[in-house]
Amino acid sequence: MIKETFLLLLYASYDIVLFVASAAQCGKVWLTVSSLCKPIAASDNVVDAVLEVNWELDCPTSKEYPDTIKVFTADPVHNKTIRPKLILSPLEHPRGYYRTNITVGRPPLPGGWDTRDGATLPGPHCLRHHVALYKDGDLCMSSCLRIWPTWMYDLRRQLGRLPIGSLMIPGTHNSGCYEHVDLTRRVFQSYLLTQDRDVWTQLVHGIRYLDIRVGYYPSKPNATEHDEESKNITRFWVNHDTSRITPLSPIIKDVRNFLDVARGEVVIMDFHRFPVGFVDSPSIHRGFATILHREFGDLILKPDKGVLGLGPTLNDIWTGGGRLIICYSDKHTVNDYEWLWPSLSQAWGNQQTVKGLFKYLDDVIMGPKISKNSPNPLWVVMAELTPFPLDVIFEPAGGLREMADLVNRNLTVRFQEKWWKETNIVATDFFLGNNLIDVSIQSNIKKSNIAQWRS
């Protein structure tokens, strides 16, 4: 009953949420999923999706700190007799972080969201694992690893007045580079794959920005401008630079299906680069634009040339009907199609160390506003490390998973404490390794509250 009441209040008022959440008065605890994976000895398999526990404790001087953290496979609020899978003492782990040996795997998505076209329930839904803070045996607060597939529309009373360019929107970097492979056999894949969940699962968890690089691979060379092959979706692939990773078709289908069932959500597809097959080929761009319009049709939100500043509000978007923003980096193609949005600005630091990345992000987010080279009101910070080219050759045991692990757990705290107010879109690798979806949702409620106070 306590959790259901909390969720209902979350929809209703940020002020009430603050009141309920402040009952613990000593911070919070949350779960993430490790970006790392490791080979199993004497086996061709790997262990990945390991559960991580994170916490921040900040008690007033009159209150003692929680002394125990427990991890469960069900909700301890409802199931008083369930035994914990893990017990931690916060004092023994002063960094506020602990990587467990509990494997999350890829569990069914609750609320009917495991199927692409079935009945689905709105609102947040907990996955199997829960975590709770205790003091002297008394439960202070709990949370769960969860999905929130309908967060924009669920919170429409708070968020509807906000322009799309002022929202904090969680996203993924190289969103389509998620192919599940045995990394012990394909070493170089460790520098190509940036996600470990497909696009449907990303969207169901709460991701709303997709960063996609597209390559064109004709079945025959020297396709002419009049060749219908350029309108064949099977010729288009998601690329990581010049390497093709996975066909584009299932990603298009996932976005379409999600928008059909999550009827109030707004999704941004950023076709940011075309590294293979598009150079000096306007006919290929036209063919690709034809595919996009054919697949998404009236779901596409046209840019309003007369709207300046931060763009349309969510209420404006819902009134108009279209909920898919398609950003396209080829300006000539954008000029030819009124429904394409111009390329958005990506703040990419090209940093190889955590210190360098965080300094760059601090300068970009907290410093002078980013210089935009397009009229698009949206902009994104790319919050991930970038390897040197020689790393792929001389450090094959490393990879993007290890680099994401160094960054992700620290991003959550930085954004929820400092960067949230000035952030529009933030894209990361292996997004389950941070808690930026929840941070974004709570930040948007705070932004709405601030806007209401000022009005």
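Residues are numbered from 1 along each chain as its sequence is written, and side-chain values use heavy atoms, with hydrogens and water left out. As the model is predicted, local features need pLDDT of at least 70 and side-chain atom pairs count only at pLDDT 80 or more, whereas totals for chains, interfaces and linings use all residues.

We may begin with the sheet. Helices (H or I, at least four residues) and strands (E, at least two) are DSSP runs numbered from the N terminus, and two strands pair if DSSP finds at least two bridges between them. Strand β5 (residues 68-72) is joined to strand β8 (residues 125-135) by five bridges, and K70 stands opposite A132 in β8. Three bridges join β5 to strand β6 (residues 86-88), where L88 is the bridge partner of I69. Four of the five residues of β5 are buried, so this strand is largely enclosed by the rest of the structure; buried means under 20% relative accessible area, exposed over 50%, and partly exposed in between (1.4 Å probe, protein chains only).

The aromatic side chains come next. Rings of Phe, Tyr and Trp (its six-membered ring) pair if their centres lie within 6.5 Å; planes under 30 degrees apart count as stacked, over 60 as edge-to-face and the rest as tilted. By this rule the count comes to 18 aromatic pairs. The ring centres of Y216 and F278 are 6.5 Å apart and the planes stand at 70 degrees, so this pair is edge-to-face. It links distant parts of the chain, with Y216 in strand β11 (residues 209-216) and F278 in the loop between β14 and α7 (282-296), 62 residues apart. Y216 is buried, at a relative accessible area of 4%, and F278 counts as buried at 4% relative accessibility. For F271 and Y328, the centres are 6.5 Å apart and the planes at 55 degrees, so the pair is tilted. Here F271 lies in strand β14 and Y328 in strand β15 (residues 324-328), 57 residues apart, and both residues are buried. Y216, F236, F271, F274, F278, F288 and Y328 form one aromatic cluster.

On a 1 Å grid over the protein atoms alone, a cavity is a set of points where a 1.4 Å probe fits but cannot get out, and a pocket is an open set with protein on both sides within 12 Å along at least five of seven lines; lining residues have an atom within 4 Å of a point. Grid points are joined across faces, edges and corners, and a volume is the space filled by probe spheres set on the points. The second largest pocket has a volume of about 510 Å³. Of the 24 residues that line this pocket, H240, D241, W348, T386 and P387 are the closest to its centre. The structure also holds two cavities of 30 Å³ or more, and the largest cavity has a volume of about 50 Å³.
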